[in-house]
Amino acid sequence: MSTLDKAQELRRLHAAPELLLVVNVWDAITARTVADVPGTTALATASHGIAAARGYPDGEVIPRDEMIAEVGLIARQTELPVSADLEGGYGDPGGTVARAIDVGIVGANLEDQAKPLDASVRAVEAAVEAAERAGIPFALNARTDVFLKAGDRDPEEVLADAVARGRAYLEAGATSFFVPGRLDETQLTRIVSELGERKVNIIGIPGSISLEGARRVGLARVSYGPWSQNAALTALAKLAEDVYAGGGLPADTRKLN
């Protein structure tokens, strides 16, 4: 598939009636492993996971060149469309999206980091314009951090802020709106009612809404961010614990590389 074909497919998957499920990956071997699982239709990277694997903390500390190199390596492992977590765009959202497209990425998360709305809208516009210049129907997943950074703000005020941001980002050309945080079904139903079905994405975290609930609400996509890496690291830690206790490899271990 060409980059254009992959981009069209990723946009289709976001708009389709079926809930899009993406298990996030952070390097070549995790990309190949997840891509080979029956039912996988697209991949998504996790910036936190990529940074952690390279020894950096989360939050745009990893140099942009390293992030672009890694997401490009991941894109080369599969014929499936790949969406990259590009954090806040590393100070240059348009240039960062352009570089991501150059290495085969056809969608991206772009964080607003709870910055003022006008600046956040300009970042979305810059990303959309970069994709349009490249001739790629890029799946831009505009993320708001207002729930993650709510602090002691009134919950109703935070919800209204999120809806206003989602509407502004979609109007600026984003494909979908990403609301990470532990939101319940009532909150998500209100956001979807304001922005439309198949327009809102969430992250699956411990205690979050079930996949059946996500389908019922009309969400477009559920991803797992750094939690897929945490699941893998949990298995590794348990192996080490078992070995030190006199055990060994679990009997159901599969050779996947």
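Helices (H or I, at least four residues) and strands (E, at least two) are DSSP runs, numbered from the N terminus. The model is predicted: local features need pLDDT of at least 70 and side-chain atom pairs count only at pLDDT 80 or more, whereas totals for chains, interfaces and linings use all residues. Residues are numbered from 1 along each chain as its sequence is written, and side-chain values use heavy atoms, with hydrogens and water left out.

View 1. Q113 is found in the loop between β4 and α6. Its phi is near 55 degrees, a positive value in a residue other than glycine. Y90, in the loop between β3 (82–85) and α5, likewise is not a glycine and has a positive phi of about 55 degrees. Y90 counts as buried because its relative accessibility is 16% (buried means under 20% relative accessible area, exposed over 50%, and partly exposed in between, with a 1.4 Å probe and protein chains only).

**View 2. Packing of helices α5 and α6.** The axes of helix α5 (residues 93–102) and α6 cross at roughly 35 degrees and come within 7 Å. Axes are lines fitted to C-alpha atoms, for helices over the stretch in contact, and angles run from 0 to 180 degrees between N-to-C directions. The crossing of α5 and α6 is right-handed; a crossing is right-handed if the near helix is turned clockwise from the far one by less than a right angle, and left-handed if anticlockwise. From α5, the residues P93, G94, V97, A98 and I101 meet A123, A126, A127, A130, A131 and A134 of α6, where contact means heavy atoms within 4.5 Å. By class, this contact of α5 with α6 has 10 nonpolar, 1 polar and no charged residues. Ala, Val, Leu, Ile, Met, Phe, Trp, Tyr, Cys and Pro count as nonpolar, Asp, Glu, Lys and Arg as charged, and the others, Gly among them, as polar.

**View 3. Packing of helices α6 and α7.** Helix α6 (residues 117–134) packs against helix α7 (residues 155–171) at an angle of about 30 degrees, the axes being 9 Å apart. The two helices, α6 and α7, are therefore roughly parallel to each other (angles under 35 degrees count as roughly parallel, over 145 as roughly antiparallel, 65 to 115 as roughly perpendicular and the rest as oblique). The crossing of α6 and α7 is right-handed. L117, S120, V121 and V124 of α6 meet R165, A168 and Y169 of α7. The residues of this contact of α6 with α7 comprise 5 nonpolar, 1 polar and 1 charged.

View 4. The structure holds 15 salt bridges, each a side-chain nitrogen of Lys or Arg within 4 Å of a carboxyl oxygen of Asp or Glu. In one of them, the side chains of E66 and R54 meet at 3.6 Å, N to O. This pair links distant parts of the chain, 12 residues apart: E66 belongs to helix α4 (residues 64–75), and R54 to the loop between α3 (47–53) and α4. E66 is partly exposed at 24% relative accessibility, as is R54 at 39%. E111 and R143 form a salt bridge with their closest N and O atoms 3.6 Å apart. This pair joins strand β4 (residues 107–111) to strand β5 (residues 139–143) across 32 residues. E111 is buried, with a relative accessible area of 13%, and R143 is buried at 14%.

**View 5. A salt-bridge network including R153 and D161.** Salt bridges link D112, R153, E157, D161 and R165 in a network. Between R153 and D161, the closest N and O atoms are 3.2 Å apart. R153 is partly exposed, with a relative accessible area of 29%, whereas D161 is buried at 19%.
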